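Let's take a friendly walk through a protein chain, one piece at a time. Have a look at the picture first, then read on.

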Amino acid sequence: MNHSLPIEANPNQPASAVTGRRPDSPQFTDDPMVDRLYGVTLSLVTELAVTRTRLDTLERMLAKRGVLNEGEMESFVPDEAAAGARGRLQDEYLQRVLRALG
Amino acid sequence: MSYPAPWHTIGRHALMPEAAHDEVARFDIVARLNAHVAQRLGPQVREAWEARGRHVFRMRHGRDPLDRHEVSEAMARDAAYRTYSLVRRNTMEIRQQAGRELVSRQAARLRDRARALNEGAATLKLDPHFEAPRYVTAIDQHLMRGGYAAERLEDDVSNPANYDAGMYATIGGTGGPWINAAGRALVDWLQRECPDFKPQRIVDLGCGIGHNTLPLREAFPSAEIIAIDAAAPMLRYGHARARSLGVDDVAFVQGDAADTRLASNSFDLVFSTMVLHETSRQALPKIFAEAQRLLRAGGLTLHLEQPTYRGLEPFEQFVRDWDGRFNNEPFWSALHETDLPALLVKAGFAPERVFETRCVAPSWNKSALQEDFGRAPAWYAVGAWQMANGFAVIG
């Protein structure tokens, strides 16, 4: 299953219009690196919550349908198409969590 | 802690962007983060002020601070305030990026849906030659890229779609499923305070996507309602949204709240909700003067806003000023310091007919999920009644 949704689906709009750090972001600490670290950390907080919610949805659905047996997830190996789709997901993920870096 | 209702409980209409599982989960966690900021980190800022900031200021100056600028001197570098600010600013940016991702992949589809709903309707009046005021075009209001008037494709509705879908995360679900708490608060105030007032012609100045216009439609079904906004994308989206909700008799008209080009002396109610802080020092007196010009005898102008700073303790002013400093609301601070009743008098309303009040939205308790835990959204409001015998003497 591919639930990946391209960030850049609109050819009229550059990706920079969607993602990335605002050039006018204020600095709250004495060291801009600390501000950036907060930015990444909070995006990670968000994305981890999203992932946990997704996993929760998935596991509930699978258990309800009796599809998932114990231990099956631990031994799963993705095929080529799945691995490629995961790579694209990871690219989009990084654009979200590294928002504060630009 | 009280928690926001989940995103999936917000109202659905034809223009609402389609959200996938993770996009919904992202709005939900951002709304919870915002609730955490308000309920956990916010109080820590006050504790830091009581425990440290106030004493540091007193030691330096031998007195308490007189205004928010002096509080800022003591608190801007405080760890609790900086942490609060860092988290709050980041949740705003995360919310904006999440909304942009959501709408950019379906921008053309949303545009087409709006076109189909708007086609041939006389109730949508856009003016291709209209130039929106600088306060609308020159700023990314509350970090929304391009601002209200931005168009990235022909007949674009993507910024209003982002605004509509993401507003829930910003205000933590307190607007109710239709994000119309300010409109409901206004209606509730009218029905309570002046039950005999039955406006026949109504203008909403700065209607945005009409969130807060539609409760007036429901409350006054026979009234003629004109919703004015400077931004074409907001009007396109708002008009299509209204139609998809079965409302086809509210006119969405592109125009300037300070110069609506509507007939003088012809309206019973001229209102705005959360609009004044997004205007400017130059525009505000003109908007009040325009309201005065539009109203006929016995008419009412009423404007809902965040509380004025006047009369608030300096620390409270400092905390409330966060949006003005860090959320791209350049007129926020000045507006909340302005004596709005005095400005209404200057605009021509009789001093004894000018008033300040509080409008509170009735709680949305239709189901347990939408329970708002008593956090009824409430606004400061400033208004004036038009003299019963024609125009008041300007002076």
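## Starting with one pair

Let's zoom in on a single spot in this predicted model. B:Glu305 has a bridge partner in β8(B), and that partner is B:Tyr380.

Strand β6 of chain B covers residues 295-305, and strand β8 of chain B covers residues 378-385. The two run antiparallel, with six bridges joining them.

## The whole sheet

β6 and β8 belong to an open sheet of eight strands in chain B, and its pairing is mixed. Reading across, you'd go β1-β4-β3-β2-β5-β6-β8-β7. At the edges sit β1 (124-125) and β7 (354-360) of chain B, each of which pairs on one side only.

## Helices on the sheet

Which strands does helix α7 of chain B touch? This helix, residues 181-193, packs on the sheet against β5 (267-273), β6, β7 and β8 of chain B. Its direction makes about 120° with that of β7(B).

Helix α9 of chain B (residues 232-244) packs on the sheet too, touching β1, β3 (224-229) and β4 (250-254) of chain B. The direction of α9 makes about 170° with that of β4(B).

## Stepping back

Overall, chain B has 14 helices and eight strands. Its radius of gyration is 21 Å, close to the 21 Å that the globule rule gives for 395 residues, so chain B is as compact as a globular protein of that length. Along its principal axes, the C-alpha trace spans about 65 × 55 × 40 Å.

What share of the 395 residues of chain B count as buried? The figure is 50%. And among contacts in chain B with a separation of 6 or more, 80% come from residues 24 or more positions apart.

Terms used. Residues numbered from 1 in each chain as written. Chains lettered and ligands numbered in written order. Predicted model: local features only at pLDDT ≥ 70, side-chain atom pairs only at ≥ 80, totals over all residues. Helix = DSSP H or I, 4+ residues; strand = E, 2+ residues; numbered from the N terminus. Rg over C-alpha atoms; globule rule 2.2 N^0.38 Å. Buried ≥ 20, exposed ≤ 12 C-beta atoms within 10 Å, placed from the backbone. Contact = placed C-beta atoms within 7 Å. Pairing = 2+ DSSP bridges. Axes fitted to C-alpha atoms, helices over the stretch in contact; angles between N-to-C directions.
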